[in-house]
Amino acid sequence: MYSVTRSFGLNGLSGFAVAVEADISGGLPAFSIVGLPDSAVRESADRVRAAIKNLGFKFPDRRITINLAPADVRKTGPVYDLPLLLAVLTASGQLEDVPADAAFLGELALDGTLRPVSGVLPMALAAAENGIHALYVPAENAAEAAEACADSMAVYPAHTAREVVDALRGISPLAPAAVVPFDPADAWAQVPDFADVMGQSLARRAMVIAAAGGHNVLLIGAPGTGKSMLAKRLPGILPPLTREEAVETTKIYSIAGQLPQGRGLVSARPFRSPHHSVSSTAIVGGGSVPRPGEVSLAHNGVLFLDELPEFARDTLEVLRQPLEDGRVTVSRVHGTASYPCRFMLVAAMNPCKCGYLGHPTRECTCTPSAVDAYRRRISGPLLDRIDLHVEALPVEYDDLASEQGGESSADVRARVMAARALQRERYKALPGVRCNAQLPSGALRRYCRMTPAAEKILRSAFERLGYSARAYDRILRVARTVADLDGSEVLDTAHLSETL
């Protein structure tokens, strides 16, 4: 007796089709699973056996062989529990053949309850592309799958395997999951307002420029000057996620198992702030089975590294390639996975170990050699990839006591979105370029035209300060953003002067 049930697996950020084949034959009772399963898949045999008995079905006391095809791709996780159970019931004659255009995902409890699994969204997208018209998933996973695939496939939420069996038999059909409209504007209410920041006119201006052009920022200042406060308010002035960006971001969070249950597409730009004790593997991703790291979880959002010199040197150095390429590839024994990581890096640090070098009222206790050693913890190549280096000055009492707040996030966001709109229109012929920070070096002269006076200023600064070629490119990109905020197509002396 033989049966086939369709399911899906994960390979990096993409789903792939899996055929769950069940064969029941004579011989001593046994339950074997082949097709390159990991330990979680092999343990499915015990969960399926207990669930079949506790749901009131008869478990076949014969030799059961399960093959997960294709057999040359590793299968991971408990996602195959539900299709395994259905394949055994079908092969044993307790359930009629399941429809060929239906697929199943879900982990089983021993009593037959369905538990949520990770990575449902990319698997659901793959199901829609492979001609599946009905996808049965645990109820907690239905929202993310339904919102992305509503036009091409029905998603059926189930709380138990019994509900799925009854639906396939026609006894008690399941209702398709409702689709919640995608509305990124709801996310802004959850982000602190920029109006709360008192003083810090230079740092505020730098954050606006960074948001408008997608630039990386380093904030340097004494403790208590508001560096973390500024960073946490940055997502509130960024443009809303497009639907394409929301799907890509949600896929990453779904694979990482960090998508809240019952949640549809991610509507807010991510803000990740790992502790300085984080490992390099946690930053870029990895594990025996590759999983996304912090740089990928910050995709389309902000990665905030507070107390930058306190991070391990190797942890900081692995950021160089993701910052440059916008994609990270993780290679392990059990496979290779590639994840996107287009994020804005916001880093904060003190000017020295004690934090008060250059402070107007407090004396620094660090020796010159200690200051030098503290700053050498951050390599030049990494600093060269951070477009804006900004000093956060101590806030004056009058600014703190003022009843008049700063410019609100909504007002700042309107200016940022206007600048981003100019960039989208300007770079529509350049694939993969959405903002000035992503502008390739070969296109700088074309899109960053300067007045003769502005070029003279840049030449003088380049010769006097000894800038590198990468620094030259950074200056042009930031100046292009300053000009966009000013509504100018040509870079003038004011734009270059502020940038420098």
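In the predicted model, the largest nonpolar core comprises 62 residues, of which Phe31, Ile66, Leu85 and Tyr136 touch the most other members. Helix H3 gives the most to this core, contributing eight residues. A second, separate core contains 33 residues, among them Leu241, Leu323, Ile378 and Leu382. In soluble globular proteins, nonpolar side chains tend to be buried together.

The surroundings of Tyr136 were examined with neighbours within four places in sequence left aside. Tyr136 is then in contact with Leu82, Ala102, Ala103, Phe104, Leu105, Tyr156, Val164, Ala167, Leu168 and Leu174. Just after H6, Gly170 adopts a positive phi of about 85 degrees.

At the level of the whole protein, the secondary structure amounts to 21 helices and 18 strands. The C-alpha atoms fill a box of roughly 85 × 45 × 45 Å along the principal axes. Of the 500 residues, 50% are buried. Among contacts with a separation of 6 or more, 74% link residues 24 or more positions apart. The protein exposes about 21,700 Å², with carbon and sulfur atoms supplying 51% of this area. The 52 positive and 55 negative charges have mean positions 5 Å apart.

How values were computed
Residues are numbered from 1 along each chain as its sequence is written. This is a predicted model: local features need pLDDT of at least 70, side-chain atom pairs count only at pLDDT 80 or more; totals for chains, interfaces and linings use all residues. Side-chain values use heavy atoms; hydrogens and water are left out. Helices (H or I, at least four residues) and strands (E, at least two) are DSSP runs, numbered from the N terminus. A nonpolar core is a set of buried Ala, Val, Leu, Ile, Met, Phe, Trp, Tyr and Cys residues joined through side-chain atoms within 4.5 Å. Buried means under 20% relative accessible area, exposed over 50%, partly exposed in between (1.4 Å probe, protein chains only). Contact means heavy atoms within 4.5 Å. Accessible areas come from the Shrake-Rupley method with a 1.4 Å probe; for residues, only the protein chains shown count as cover. Lys and Arg count as positive and Asp and Glu as negative; His and the chain ends are not counted. The place of a charge is taken as NZ of Lys, CZ of Arg, CG of Asp or CD of Glu.
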